[in-house]
Amino acid sequence: MGLSQLIELHRQEVLVRWKEIVRTLSDARHLSEEHLENHVPDLIDWLVVRLRERDAADVYGSQMLSRVHAFQRVGDDFDLVEVLAELAVLRDVVLGIWVEQPGEVTPAEVVQLNRDLDDVVAVCTTEFARQILTKYGAPREATQAMGP
């Protein structure tokens with residue numbers, strides 16, 4: 001069983017473990033279940049497809065998920081450290097499932113998972129910072145300087 005199948009098989013467990021840990025973050029304690037989950041289930045599904053079919057998974061889709069996640073977290077009054085922490089928790093939970101059941105997962109799949117999650121973190125961080133700058137009235141040039 002490859003990493004995509006392992007994540008798919010344990011999707012609900014990944015989500016439950018992620019929520020349990022993220023609930024301990026101060027910014028997440030007040031969120032409803034729906035707001036806590038945000039787009040994380042969709043992100044998990046995207047990772048499964050991305051790991052299984054590199055060319056079939058829409059990179060634009062993950063960028064949009066990351067941007068929407070960041071936008072919502074700004075609205076939820078998260079700080080950047082906690083946004084990064086919840087993404088790190090997702091990585092830790094997925095890797096924890098793999099450690100518990102290594103099966104036929106190749107090192108290349110784990111490397112690719114990390115690269116994909118790094119891309120998600122980069123887009124989410126950039127969008128979060130852009131939204132904060134906009135929220136506090138930074139000039140448009142400041143937000144444009146952050147890239148696309």
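Predicted model: local features only at pLDDT ≥ 70, side-chain atom pairs only at ≥ 80, totals over all residues.
Residues are numbered from 1 along each chain as its sequence is written, and side-chain values use heavy atoms, with hydrogens and water left out.

Visitor: How many helices and strands does the secondary structure of the protein chain come to?

Guide: Helices (H or I, at least four residues) and strands (E, at least two) are DSSP runs, numbered from the N terminus. By that assignment the protein chain comes to eight helices and zero strands.

Visitor: What is the radius of gyration of the protein chain?

Guide: The radius is taken over C-alpha atoms, and the globule rule is 2.2 Å times the number of residues to the power 0.38. For 148 residues the rule gives 15 Å, and the chain is close to this, so it is as compact as a globular protein of that length; its radius of gyration is 16 Å.

Visitor: Is His69 buried or exposed?

Guide: Buried means under 20% relative accessible area, exposed over 50%, and partly exposed in between (1.4 Å probe, protein chains only). His69 is found in helix α5 (residues 59-75). Its relative accessible area is 5%, and therefore His69 is buried.

Visitor: Which residue does the side chain of His69 join in a polar contact?

Guide: Contact means heavy atoms within 4.5 Å, and, leaving aside neighbours within four places in sequence, His69 is in contact with Asn38, His39, Val40, Glu86 and Cys124. A polar contact is a pair of N or O atoms within 3.5 Å; within protein, one must be able to donate a hydrogen and the other to accept it, and residues adjacent in sequence count only if both atoms are side-chain atoms. At 3.1 Å, the side-chain partner of His69 is Asn38.

Visitor: What span does helix α6 reach from its first C-alpha to its last?

Guide: The expected span of a helix is 1.5 Å times one less than its number of residues. Among the buried residues of α6 is Glu86, which is also in contact with His69. With 21 residues (80-100), α6 is close to its expected span and reaches 30 Å.

Visitor: Where is Val16 placed, and what is its relative accessible area?

Guide: Val16 lies in helix α2 (residues 11-22). Val16 is partly exposed, with a relative accessible area of 34%.
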